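Work through the exercises below with the sequence and structure in view. Each task is followed by its solution.

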Amino acid sequence: MPSLLSDSKPALLARSALVLALLAGLSVAGCAVGPDYRRPNAPPVDRYTAQPLPAATAAAKAADGDAQRFLQGRDVPALWWTTFNNAELTRRVNTALTHSPSIASAQAALRQARENADAARGGLFPSADLGAGVTRQKQSAAQSRVAGGGGPYTVYNASVSVGYTLDLFGGVRRGIEAQLAQADFQQAQLDTTYLALTANVVTTSLQEASLREQVRATEQIVDMQRESLGIAQKQLKIGAKSLADTLAVRSQLAATEATLPPLRAQLAATRNQLASYLGTTPAQLQLEPLTLDAVTLPPDIPVSLPSGLVEQRPDIRAASAQLHAASAQVGVATAAMLPQVTLSGSAGSEALRAGDLFSAGTGAWSLGLGLTQPLFHGGELLHKKRAARAGMDKAVADWQQTVLNAFQNVADALQALDYDAQGLAAQAIAESTAAQQLDLVRRQFQLGATGYLNLLDAQRSYQQARIGLIKARSARLADTAALYAALGGGWRSGADMAAPAPATSAPSASTSAPSNASN
């Protein structure tokens, strides 16, 4: 096949291609304006709470009353919910991780961010396009210099064009860096979704078990009070008791029964919420019974070092990625104010007949070098750079606030566990005492040694103490799950369980604040 180019030009084009390659290499190896990303330092503290943590929580003579030991410097296991040793709880978490649309959404967002990062890398390479066309035209007499003008004719063309904008100041590379940071952000968001979903399933399941036991305990009290009402009505008939006593029993029974509908409504709403977490509808939800007795309170609680919290909490990693992207955008905006060099070239063939394309004498080529230096854009470029700087300042402040919130969450959860243990111990004593008092008053009532009002008071006290004990047990279990979540739920929990491939690595970061522009 005849060459696209005339025989006298190959050496020139070869040298031009060599120059293009050298310039491309220099642009990639050149400086990158804007600040290099540096993650801010973590707070310089060695504990989360104002006072040092005790070695262990208090213990209580009740179910879930064992002391919990705080293991300083240990990391939370990735599958932390398995420490509760309940197969149904684990099944629910696994179901949620498999079927929840929130996980699918976060995974899709991560894939999208990675593809955008890969697409941004294309800016580092020359672009090449193949073109072909046909044009029907007629020239005027002035154009053709032929009397009466040139007749209509057809032009066929085919060509390859190459273009490349040198990344002399790193604007393209900063853009790629920003896209990679966005991919890191979406990875952290996926981890956040995993952590939030698992924590919500565990705590909501514990709430469901607690409400079911509260309903059951209240129903038992109702049965007890109905039995008392039956006795009171019999004694009223024989004149052994007054109508006031009977009305008092009936009033207390009605008050206790009135507490059941709200409890059942809460239970139904909790189950509906579980259905949403598990990726199904309330009508399709199928759950095995979960009781507090079947859930084991984890005896050992790992407490990560404060210096490691910024590595484990996905929301802090997300804030770090946003700060990274914001610092890269400063470089993008800075590079837009500097000169841009563009190289272009094309080679092809033009002919009046399609069959003559690529034949001798039809070759055409061009080489171009362009330089653009922005001079006046009405302040647009300057203000965009200032806006990027402000965005980076905002990202720094957001990172700092996220870290403060994280430390608060951990401190709250740690203190809640300690106080939960103390509260459970006190509530266990209150329930045991109320049960003994009720048993004593019932025997006295049967012997006629006390009245209905004392019996009603004893029943009401026992009901409150028993409900309080159920809530205290549930709170201790739920706050243990809350601490796991506050500590980040294990190292990169989403990456351990997620199906997507690992995220593309972003430029390395050290542990200091964003630095000044570097070349």
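A polar contact is a pair of N or O atoms within 3.5 Å; within protein, one must be able to donate a hydrogen and the other to accept it. The model used here is predicted.

**Exercise 1.** Decide whether E208 is buried or exposed, and find the polar partner of its side chain.

Solution. 
- Step 1: Locate E208, which is in helix 5.
- Step 2: Buried means under 20% relative accessible area. The relative accessibility of E208 is 0%, so E208 is buried.
- Step 3: List the contacts of E208, leaving out neighbours within four places in sequence: R92, L267, T270, R271, L274 and L287.
- Step 4: The side chains of E208 and R271 form a polar contact at 3.0 Å.

**Exercise 2.** Classify A56 by its accessibility and describe its surroundings.

Solution. 
- Step 1: A56 sits in the loop that runs between helix 1 (10-29) and strand 1 (69-72).
- Step 2: A56 has a relative accessible area of 29%, so A56 is partly exposed.
- Step 3: Beyond four places in sequence, A56 touches A67, Q68, R69 and F70.
- Step 4: A421 is 365 residues from A56 along the chain, yet their C-alpha atoms are 9.9 Å apart.

**Exercise 3.** Describe the largest nonpolar core and the contacts of W80.

Solution. 
- Step 1: This core has 58 residues, and Y48, W80, F84 and V202 touch the most other members.
- Step 2: Helix 5 (residues 171-237) contributes the most, with 10 residues.
- Step 3: Apart from residues up to four places away in sequence, W80 touches L195, T198, A199, V202, A481, Y484 and G489.

Note on methods. Residues numbered from 1 in each chain as written. Predicted model: local features only at pLDDT ≥ 70, side-chain atom pairs only at ≥ 80, totals over all residues. Heavy atoms only, no water. Core = buried A, V, L, I, M, F, W, Y, C linked by side-chain atoms within 4.5 Å. Buried < 20%, exposed > 50% of the residue type's maximum accessible area, 1.4 Å probe, protein only. Helix = DSSP H or I, 4+ residues; strand = E, 2+ residues; numbered from the N terminus. Contact = heavy atoms within 4.5 Å.
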